[in-house]
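Please keep the sequence and the structure open while reading.

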Amino acid sequence: MKLLSFGEIIWDVFPNEKHIGGAPLNLAAHFARQGGEAWMLSSVGKDDLGTDAIKEIAKFGVKTDFISLSDDLPTGMCLVTLDSSAVPHYDLKRNTAYDRICLPSEIKDNSFDFLTFGTLAMRDSYNREAIKELLSFKVCDKIYADINIRPPFFSKESVLLCLENADFVKISDEELPTVLETLGMDKKTETKTAAKLLSERFANLEYILITLGKDGSFAYSCRDKTFELCQAPQVEVVSTVGAGDSFGATFLVEYSKGCSIPECLKKASEISAFVVTKTEAVPEY
């Protein structure tokens with residue numbers, strides 16, 4: 001199982017501590033924790049945070065061969081606060097190293113089972129062009145896109161880049177109305193109906209994964225036009241940071257093993273339920 005994860009490397013800075021993060025990195029770390037091989041394709045600054053980031057990423061078991069060092073941009077940083085429901089709120093810094101991700105020439109000589117990316121790293125045109133070039137190399141079998149809506153760091157173009165190229169797309173029920181509105185659709189559309197409409201609009205999609213928080217998740221098969229539902233284990237939530245990333249990583253690991261979609265959802269739900277009981281986005285299992 002080989003995964004290439006394109007996107008942001010960010011230090012999540014909480015009131016009393018900091019953790020290395022970024023959705024693509026969290027997903028890669030969970031993928032590696034579960035026995036897969038994961039590479040980050042990203043950039044960090046030539047600063048202390050960049051040096052520390054490389055060390056922490058290696059501890060996760062994620063390969064750093066494709067992480068470039070920026071001469072003039074700092075390592076990504078995000079100030080995180082949690083509300084009374086443990087939902088994170090983010091203050092993302094602009095003009096950081098991950099906004100200028102360089103594609104190494106040797107990437108063409110590699111092949112991966114999965115390529116994953118999301119919308120945040122494509123907030124500027126540089127990375128949108130980079131992901132288009134990467135897609136043209138056809139180095140992966142399947143593409144997994146996680147539409148992480150972080151206002152104002154998304155656009156119709158970045159959302160479309162995900163939906164027009166992915167085999168699997170994950171959207172949370174909280175983000176779904178914004179995605180629909182961005183695409184010119186009715187943001188009040190019922191969740192299952194929205195999945196059907198998205199599958200009709202984007203013929204490349206195989207599965208649409210919708211996470212529903214404490215209410216679980218479902219997968220819509222765009223080929224069979226069927227739903228698979230999964231209840232979420234009931235746990236005491238400490239932080240939801242990283243939960244969606246662990247869900248996606250686990251789903252891909254189980255899928256690559258040949259597990260059925262219900263089995264993939266069940267395992268993904270179990271791991272994400274464990275993650276929300278911890279402060280860290282990638283806790284020790």
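K225 counts as exposed because its relative accessibility is 53%, where exposed means over 50%, buried under 20% and partly exposed in between, computed with a 1.4 Å probe on protein chains only. K225 belongs to the loop between β12 (217-221) and β13 (226-230), and its phi is near 60 degrees, a positive value in a residue other than glycine. Strands here are DSSP runs of E with at least two residues, while helices are runs of H or I with at least four residues, and both are numbered from the N terminus.

## Basis of the model

The model is predicted, so that local features need pLDDT of at least 70 and side-chain atom pairs count only at pLDDT 80 or more, whereas totals for chains, interfaces and linings use all residues. Residues are numbered from 1 along each chain as its sequence is written, and side-chain values use heavy atoms, with hydrogens and water left out.

## Two further loops

N95, in the loop between β7 (88-92) and β8 (112-118), is a residue other than glycine with a positive phi, near 50 degrees.

In the loop between β9 (140-146) and α4 (156-165) lies P152, which is joined to P151 by a cis peptide bond with omega of about 0 degrees.

## A strand pair

Strands β2 (residues 10-13) and β3 (residues 18-21) run antiparallel and are joined by four bridges; two strands pair if DSSP finds at least two bridges between them. Within this pairing, D12 stands opposite H19 in β3, and a hairpin of four residues connects β2 to β3.
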